[in-house]
Amino acid sequence: MSTQTLSLSEEARKIMADYMGLSFGDKKVQCPYYNNRRGGIRAGLRPLIGKGSPDEITEEVILIALKSRENIKGMDEKDLKRFIVDRKIGIDCSGLAYYILDAESRSKNLGSLKKNLRPVNGTNFLRKLICKIRPVESAGVTSFSSEKNSKEIKINDARPGDFIAMLNTGPEKNYHHILVLTETMSENGNIKQIKYVHSYAWPEDGKYGHGVREGCIEITDVQEPIQKQIWTEQSKSGDENITQRRAIEAGMTSVRRLNWFH
Amino acid sequence: MRRLRKFYLITMPTSVLTLDILSQIIGFSILSCFLSFLWSPILTNFLYKYKITRKGHYDPTLHLESRKDKIDVPVMGGLLVIVTVAFITVLFNWERSFTWVPIGVMLLSAALGGVDDILNIYGKERRNRKLSQIIRLIRVHRSVSMRLWYILTFPWSIFKRASAWLSKHPGKGVHVHEKLLLQFIAGAIAAWWIYFKLGQHWREIYLPFDGYIDIGWLLIPLIIFIVMLTANAVNIADGMDGLAGGMLIPTFSALALLSWIYGYNEVAVLNGTVAGSLITYTYYNIKPARFQMGDVGSLGLGALLAINAIVINHIAVLAFLGFMFYVEAASVLIQVGGRYLLGRRIFKMAPIHHHFELRGWSEEKIVMRFWIIHLAFVFLGIWIALH
């Protein structure tokens with residue numbers, strides 16, 4: 001029996017690790033989830049609208065602490081997380097996907113996402129210009145999952161750097177979500193396990209428990225759709241696993257690969 | 001005193017023509033320097049007595065470890081220069097054609113800065129409503145007249161909000177839109193004087209290596225813009241001990257030199273007086289500062305710098321004579337642009353001297369390097385102005 005494990009490039013894993021442990025001196029803090037839908041900030045700084053890179057987020061937190069006279073050096077990890085969440089700093093799912101996939105694409109010498117990702121929302125000059133100067137902000141789940149940018153693949157073909165897109169999910173079917181595949185394990189050519197990373201908030205996470213985290217999907221039957229497999233995240237599976245529930249609820253859930261990754 | 005044409009410089013021996021004027025310029029510089037020294041203890045006591053000192057409520061930079069010692073240092077130290085220069089000029093160099101308006105505009109800008117400094121200490125918190133709040137008030141206010149008022153003043157509200165992009169927290173002081181308006185008035189006075197009162201010659205701009213060009217009435221908005229930009233640029237650069245003062249000395253000295261060379265003797269004496277007084281100011285302002293310039297000094301001297309360069313018809317070299325001031329102003333504009341257009345900070349903090357501070361440079365290192373770079377560009381400016 002031959003087992004094959006594939007994982008993201010070192011560069012992409014570093015980005016992922018940086019989000020899972022934002023570095024403040026010797027302390028590491030999980031980057032919280034933040035979605036700008038509620039805040040509605042327009043033309044804001046990336047870390048304040050859920051689109052910052054780990055460095056930008058860390059720098060912004062330090063600057064905000066400086067401005068508000070908070071001594072973050074004296075805070076423990078828990079307090080730091082509360083501080084970050086209270087200042088509405090964090091990363092949303094597509095922002096996280098952008099940075100990880102960008103690092104993956106660059107590591108494979110396929111160019112940056114800015115160069116490859118085609119805008120899908122609007123085609124007028126202004127919108128194109130905004131996409132050029134604010135690529136991360138313009139890249140939502142719909143951009144990633146558009147046929148212009150990605151194609152659906154079979155579960156058995158999944159590999160790190162692919163992603164799972166959920167369109168029209170949630171209780172009111174009014175938002176989208178994206179998870180990036182970070183590791184795949186196959187036995188005799190059949191995929192058995194997929195690990196993913198995403199930025200998300202479950203209701204039971206409360207105000208401060210959410211953020212960037214990993215999960216695992218056990219593939220029991222490759223013929224079944226991805227949402228019917230066994231999802232485990234935060235030691236929860238089945239109905240208790242909100243991510244899987246969202247995948248099931250979604251109008252469309254698919255495993256996809258960026259066109260230039262083929 | 002008549003303005004000399006360029007060919008005089010080539011054909012006439014300088015010693016015959018203007019060495020007595022040069023002697024006067026230096027003499028007034030020394031007088032201004034000594035006079036400033038004489039009354040500086042009075043000013044310091046006054047500032048301490050009325051607690052006109054720097055507070056850290058709305059200044060994020062004061063939370064930096066290296067800048068905590070700046071809290072409770074007196075501000076409005078710029079009065080030392082403004083008052084001395086105004087005093088000497090009114091007594092000894094009060095000339096309708098060339099010094100009334102520069103001094104008037106300097107005092108107007110300084111008054112604006114002074115009000116800002118005072119309000120920042122004694123004033124009350126001021127609010128700046130968001131546009132969405134105003135639109136809501138227009139919709140729901142129970143008084144029809146108030147709704148009408150909000151509708152009529154809506155363009156002003158837009159201006160207010162747009163101006164707020166350029167500033168940090170407005171705090172208690174004068175808001176940016178008010179500053180811009182008053183600086184516009186100061187610039188407009190300068191433009192009116194130069195365009196309508198000084199004569200045809202000043203309607204043309206001297207371009208080094210090229211000659212004079214006539215841009216017609218466009219000179220008026222250009223002058224207003226330059227006065228506003230320069231006043232704010234000096235204001236922005238006044239963020240570290242000794243920085244603005246140390247850079248203004250070579251700038252005003254260069255202007256004195258150029259004014260002397262081109263025969264604008266009253267302006268040369270005025271510039272020399274400013275440079276002399278700035279020497280005293282900078283002596284006290286070097287780290288650890290005994291007092292800081294405050295808006296009263298920076299806005300007043302910035303406006304004066306712009307006008308004095310325009311009066312001697314050297315707008316073009318102002319970019320070199322005030323090089324680091326414009327770099328500082330540009331860093332703020334770039335930071336604002338980066339924030340709103342690109343969604344990221346180009347610098348760790350703006351103005352650019354704070355960027356270097358956050359990168360670990362010591363205040364002394366930043367200030368001295370900025371002085372040196374500025375001095376080099378001032379020399380370049382003088383050289384260009386002579387062509």
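Reader: What makes β9(A) and β10(A) a pair of strands?

Author: In this predicted model, 2 bridges join β9(A) to β10(A), residues 236–237 of chain A, and the two run antiparallel. Pairing requires at least two bridges, so these strands qualify as a pair. Within β10(A), A:Ser237 is the bridge partner of A:Thr232. The two strands form a hairpin with 2 residues between them, and A:Gln234 in the turn has a positive phi of about 50°.

Reader: How do you know that strand β8 of chain A pairs with β9(A)?

Author: Strand β8, residues 211–218, is joined to β9(A) by 3 bridges, and the cut-off is at least two, so they count as paired. Their direction is antiparallel. A:Ile217 stands opposite A:Trp231 of β9(A).

Reader: Which residues make up the covered face of strand β9 of chain A, and which the uncovered one?

Author: A:Trp231 and A:Glu233 lie on the covered face, whereas A:Ile230 and A:Thr232 lie on the uncovered one. In a regular strand, side chains alternate between the two faces of the sheet.

Reader: What residues form the side of chain B that touches chain A?

Author: 10 residues of chain B are in contact with 12 residues of chain A. By class, the chain B side has 5 nonpolar, 2 polar and 3 charged residues.

Definitions and conventions:
Residues numbered from 1 in each chain as written. Chains lettered and ligands numbered in written order. Predicted model: local features only at pLDDT ≥ 70, side-chain atom pairs only at ≥ 80, totals over all residues. Contact = placed C-beta atoms within 7 Å. Nonpolar A, V, L, I, M, F, W, Y, C, P; charged D, E, K, R; others polar. Buried ≥ 20, exposed ≤ 12 C-beta atoms within 10 Å, placed from the backbone. Helix = DSSP H or I, 4+ residues; strand = E, 2+ residues; numbered from the N terminus.
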